[in-house]
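Please consider the model shown below. The paragraphs that follow lead through its helices, its sheet and its nonpolar cores.

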Amino acid sequence: MPDPALVRPMFGRIAPHYDLLNRLLTVGIDRRWRNALVRAAGPLAGRRAVDACCGTGDLTLALSAAGAEVVGVDFCVPMLERAERKRARGRRVFAHGDALALPLDDDSCDVATVAFGIRNVADRRAGLREMARVVRPGGKVLVLELSMPPGAVLGRLYRLYFDRILPGIGRIVSGDAAAYRYLPDTVMAWPSPEEFASEFEEEGLLDCGFERLTRGICALHWGTVA
């Protein structure tokens, strides 16, 4: 399990380069993945949402643009500082907090989301339970996470990219080799979409499912709160 004492300062170090590297390392496809999550959330006008592990706020902004009243929560202050610079106007709010103890009341939201963050939570199943806690019955929990694509050829190419190319780009742009060694290590250790979907069900979420995006490089998961 990730150690918060190591993860928090690591993300603090790379915060100034985080958005640029996301665009570079995914060739901009990460925006499409977030848009897919927003569509899966359904109509958002007038609904309340929480975006856990919000980082620099890209998904929080997308949810707000779709009409949600949304709070983005993250435990890394430098990331939140970058998010605040994007806030300008609108109904989005950013708050310092832990995904395992969201600063929200029970049943206070219609939607809870996390994009590329639950992999960094010390206990991902506790993170799912905490997201479900703040969502009203019938509301949705939605998670975007990187995954290993199926298939021998694509899987081998993806591993090559993650093992050799990605850490080099991250090191050159951010100057932090350790942070961009952490990323492939955690993705390689992440459960398959089928296994993670089973964890949604085991935590009591209903109508659970997932969709592989971009040939399985990313997976979108969903479940409904009972």
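In which hand, left or right, does α3 pass α4? In this predicted model, the crossing of α3 past α4 is right-handed. Two packed helices are described by the angle between their axes and by the distance between those axes. For helix α3 (residues 29-40) and helix α4 (residues 58-65), the axes come within 10 Å and cross at roughly 45°. The contact between them brings R34, L37 and V38 of α3 against D58, L59, A62 and L63 of α4.

The strands form an open sheet of 7, ordered β3-β2-β1-β4-β5-β7-β6 and mixed in its pairing. At its edges stand β3 (93-96) and β6 (206-213), each of which pairs on one side only. From one strand to the next, the twist averages 15°. Strands of a sheet pair through backbone hydrogen bonds, either parallel or antiparallel. Strand β1 (residues 48-52) and strand β2 (residues 69-74) run parallel and are joined by 5 bridges; A49 has V70 in β2 as its bridge partner. Elsewhere, helix α6 (residues 124-133) lies across β4 (109-115) and β5 (135-146), and its direction is at about 145° to β5.

In soluble globular proteins, nonpolar side chains tend to be buried together. Here the largest nonpolar core comprises 43 residues, and F11, W33, L144 and Y180 have the most contacts inside it. Leaving aside residues up to four places away in sequence, Y180 touches I14, L21, L25, L166, P167, G170 and S174. Another core, of 25 residues, lies apart from the largest one and includes L102, V121, L128 and V143.

Terms used: Residues numbered from 1 in each chain as written. Predicted model: local features only at pLDDT ≥ 70, side-chain atom pairs only at ≥ 80, totals over all residues. Heavy atoms only, no water. Pairing = 2+ DSSP bridges. Helix = DSSP H or I, 4+ residues; strand = E, 2+ residues; numbered from the N terminus. Axes fitted to C-alpha atoms, helices over the stretch in contact; angles between N-to-C directions. Contact = heavy atoms within 4.5 Å. Core = buried A, V, L, I, M, F, W, Y, C linked by side-chain atoms within 4.5 Å. Buried < 20%, exposed > 50% of the residue type's maximum accessible area, 1.4 Å probe, protein only. Left-handed = near helix turned anticlockwise from the far one by under 90°.
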